[in-house]
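Please consult the sequence and the structure shown here while reading.

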Amino acid sequence: MSENEQLTSKENIRRLVEGELPLDVIHEMIRMTTKDEDRFVKYLEVLQEKVDWDEEILARISDHLYVVSKGPGDRVVKCDCGHELGDYRVNWKMEALLYCRRTEEEIKEVFTVHGPDPEYVEVREFYCPGCQAQLAVEVVPPGYPFVFEVLPDIDAVHAANGRQLEDAAEDWFQDRTPERAAEWIEEVNA
Amino acid sequence: MSTTTEVNATVQESNGSAASTSAAPSLKGADIGLGRRIEEFDAALERTGHLYGLERLELMEEDPIKFDKFQWQLFAAVNSARETSKYVSGSPAAVGMAELVDMLALPEGEVVAASAGLAGHIGSFPVIARTMIERGCEDNPGIRDGDIWGCNDSRAGCPHPTDMYTYLPVFHEGELVCWVAGANHVADSGHSICAGGVSMYSPTTYCDGFTYGPMKIGERVGDVYVHHKPFLQMMDSRTRTGSLNILDEKMRLTGAVMLRERVLQIIDDFGVEYFTRAAREVLERERRAIAGRFQDWMMPGTYRTMFFRPIQYRELMASLYPQSAKNWITHHIHTMTITPEGRCNVDLSGTSSQDYHWQNAFEGPFKMGVTFSSIGFIGRTPLVNTSMFHVIEHERPPGSLVNPTREDVSAAFGNAVGAMHGVLDARTWGFSAFLRGFLEESYLLEHDWELFGGEGMGEQGNPWAIGDFTYEGAEPRGPSPWRDGEPMTLGAGNPEADWGEVEEWEYVEPPLLVISRSLIPDFCAHGRHRGAIGVALTQMVCDPGAYLTINDCGFAGSKMQAVSVGVCGGYPHINSKTMFFHDTNAAELAEKSAHLPADFVEARRMIEDGSLTVGRISEFGGHETPPTEVKHGDLICRGHHAGSAWGDPIDRKIDLVLNDVQKRWISAEIAKSIYGVVLSEDAEGVWHADEDATARTRDEIRASRKGRAKPAREVWEEERSWLLEGKHPAEEIHEMFQDTTSYEGWHDVFFGFWRLPADTEL
Ligand SMILES: [Zn+2]
């Protein structure tokens, strides 16, 4: 193994993910002039080994959340605890638990010392319904759409790593959140 | 003596159009065809996808050692110009903190190399060059070898009037081969309301202060470059810090002249053809490197980030500027798409409209501002250059505050808006690198500039003013997925993190005695990796003379968080705070050598226990502070730089929490309530963690989350009904929703998410 290969070995990537890699080694990685081409593949392997479910991880989208394949044509958001939050083209926050801090007292609990003004904003905390991990925090005016933080182009990132996903199709890279909202309206009306 | 009509006729003729007769008097200078060159540059890029159409980097490939020599000579030229010229200045920001930049640009305005220092200025220079074409500068007054040009006008490309540019065309055997420029942030540019060039109270452009150019401000006589005296006299009379500004003007010219001489030597050594071709190759190579980083390090996809920013003018402007006497909440949004080919397209649809407030960012200010974050993250290179603008494209809707179309709106602080937008870009890139597995490259770069201005009349009747850069010089580094944010670590505006010396600031701000520069416990965004602990700057006012006012502003001067979305469950950047404690007993405490408060938290505590007495307190929401009068013995307490966190706080390693408490950065109470970590202190003052109790406490936190949260769908239904009923907590929010949904892209996102009927009146 070359020096760079050792530096970016799968074991080092695992330690980087776990927060166990010493700072000087990370600095060496930052100084590398070219990166390891198979990083994404190693990264997904490391992440796959961390979870105790079997669906293949196609991408990571947060500390706790992954897009996984549940078979051809079925890609969903899954928490590392195993809880699933639906089609990844729909903002997963629609399927999460949500707590809104709307008073000064509620906001002070988390913005210690100095917080935002409840006249203008609420603090939205999104939790996993399975493990209650805090998955996202938004500080926005009430009535603001839930922020769709990332819609990954999953077919493209795998293609860039030399792999054509068997269910690759153009409509994977589309925001389907409005369609889900429309379903909710229909369910209310029905 | 001419009549007005005759004068006009002469002006028209001297525009030098092809149709004018040969006998017409003309100011046309050298025939450099700048407009044509810029058109060709754009066309070649469009046609080939390469800068200057360079599909091959021939010089670099054929003789890499020669090429390397060449590029390091450019590097040395710009940096030695900066390092030497700064000593000509008298302002602490320039001399002590080296807040200046020297740049080398090709004729089209593309910057090939910029020194360390305020390298963000590269974003402006191409806009200035293009403005010179639009305004016909080549025909009148003409561009000639030996000219000194100057500019600080935001509409012409400059970041804000306090950033002044001095630049020279460099000719070789009659041909324009490049521009050399010096730029710096001066102490004051004569804004009518806010001293110190940090103009967050700016109702119209007619308050913007001393703005000029692009125009000729001097010329070479023999071997000597000489400023036009009337220009220096105007600078002296129309700004509050005339003598410092004139020294800065001479500093910029010195840097530019040094750089010109060095460039001409390089051209002699390498030949002019090599110079031009190799400089172009540098730019194209850098463009490829940046595109490669997007392509290789980042997760292709679409990302959304935003911030909101209140503007509170209603009461303050009511009597003098009725057009501006209102409150706004502005919305600033980036929908960024990183393509598999390595492009980064940022759609700003949904960003609020231009108006009679400070947040109008013309093209140059916007680009300069975003560049601060780009250089540190995606554009890093010793040869700071403009190639990134041909990889990253911001689509700025006309009429929005990031692309103003009106003549009368203020252009006094557009670079601040640009800088805040740059933070949205860089945070997204940091997150995107994390998703792709390049965790070592992943961190939240938050260009956390914070500044204050002041003006006064000293005891001897001497007017003075200041723009203070202390906070700007030493910003926090944001957290990574693998480490915490860290205070006073970098200057996105200036790569050498440096606060400047306390004594040096006190020398130019004699009534402002520094009581404390310190960390404020618990003043941080909490998360698996917490944000940097916020930093206090506390000053006591001593013998201010006839009067003294202070105005504060900065990145996090919001009531709504400097960024709206935390990363992976961490909390976003904490609002900054400035508090003025008036009519205090601080001066008496100082005379007795008694304790003075280190920060606003301690000041409040001392007020409660009676050791600090206070007549009145001024606070302005976040900390955007209109000029506020201070008197002898008043305390000014600032708390800034509490950056964003990463991840769920209860995922934080126990050891890290223990260390925070041991260092007294985090209190044991917060360690338990936010992080779920139970600690106890032994007789020696050493803290220990109770792992079992911690596991139980974290379970309790999970249970309480479950207990208080609802399915998101219920909140969706609730807030949707508010929108349908027109129920909003504040009028400004109502107006912001109406305004921003008038932009097509954001309209579709907003109405699509809430499934609102098309005729819903927000
Ligand atoms: Zn979970």
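The structure holds four cavities of 30 Å³ or more. Here a cavity is a set of points, on a 1 Å grid over the protein atoms alone, where a 1.4 Å probe fits but cannot get out, whereas a pocket is an open set with protein on both sides within 12 Å along at least five of seven lines; lining residues have an atom within 4 Å of a point. Grid points are joined across faces, edges and corners, and a volume is the space filled by probe spheres set on the points.

This is a predicted model, in which local features need pLDDT of at least 70 and side-chain atom pairs count only at pLDDT 80 or more, while totals for chains, interfaces and linings use all residues. Residues are numbered from 1 along each chain as its sequence is written, chains are lettered from A and ligands numbered from 1 in the order in which they are written, and side-chain values use heavy atoms, with hydrogens and water left out.

- The largest cavity has a volume of about 160 Å³. It is lined by 17 residues, of which B:H185, B:M368, B:F372, B:N415 and B:E472 are the closest to its centre.
- Helices (H or I, at least four residues) and strands (E, at least two) are DSSP runs, numbered from the N terminus.
- The lining of the largest cavity divides into nine nonpolar, six polar and two charged residues. In this classification Ala, Val, Leu, Ile, Met, Phe, Trp, Tyr, Cys and Pro count as nonpolar, Asp, Glu, Lys and Arg as charged, and the others, Gly among them, as polar.
- The second largest cavity has a volume of about 110 Å³. Its lining includes A:E149 from chain A, and B:Y303, B:R304, B:R427 and B:F431 from chain B.
- β8 (301–312) and α13 of chain B each supply at least two residues of the lining of the second largest cavity. By class, this lining has four nonpolar, three polar and three charged residues.

**Second largest pocket**

- The second largest pocket has a volume of about 940 Å³. Of its 40 lining residues, B:R130, B:E363, B:K367, B:F389 and B:H390 are the closest to its centre.
- Two or more lining residues come from each of α2 (34–48), α6 (125–134), α10 (272–297), α12 (363–377) and β11 (392–395) of chain B. The largest share, five residues, is that of α6(B).
- The lining of the second largest pocket comprises 16 charged, 12 polar and 12 nonpolar residues.

**Contact between the chains**

- Chain A brings 84 residues to the contact and chain B brings 88 residues. Contact means heavy atoms within 4.5 Å.
- The area buried between chain A and chain B is about 7200 Å², of which carbon and sulfur atoms give 62%. A:H114, A:Y120 and A:Y144 supply 11% of the area that chain A buries against chain B, more than any other three residues. Buried area is the accessible area (1.4 Å probe) that two parts lose on being put together, summed over both.

**Chain A**

- Chain A has seven helices and eight strands, and its C-alpha trace spans about 60 × 45 × 30 Å along its principal axes.
- Of the 190 residues of chain A, 57% count as buried. Buried means under 20% relative accessible area, exposed over 50%, and partly exposed in between (1.4 Å probe, protein chains only).
- In helix α3 (residues 23–31) of chain A, the residues A:V25, A:I26 and A:M29 are buried. They lie on the same side of α3(A), because they cover an arc of only 100° around the axis; the arc is that of the directions from the helix axis to the C-beta atoms.
- The buried residues of α3(A) pack against α1 (3–7), α2 (10–18) and α4 (39–50) of chain A.
- A:N91 is found in the loop between β4 (84–87) and β5 (97–101) of chain A. A:N91 counts as buried because its relative accessibility is 2%.
- Not counting residues up to four places away in sequence, A:N91 touches A:F146, A:V147, A:F148 and A:T177.

**Helix α18 of chain B**

- In α18 (residues 654–662) of chain B, the residues B:V657, B:L658, B:D660 and B:V661 are buried. They cover an arc of only 160° around the axis, which puts them on the same side of α18(B).
- The buried residues of α18(B) pack against α19 (668–673), β23 (679–681) and β24 (687–689) of chain B.
- α18(B) is followed by B:R664, which has a positive phi, near 65°.
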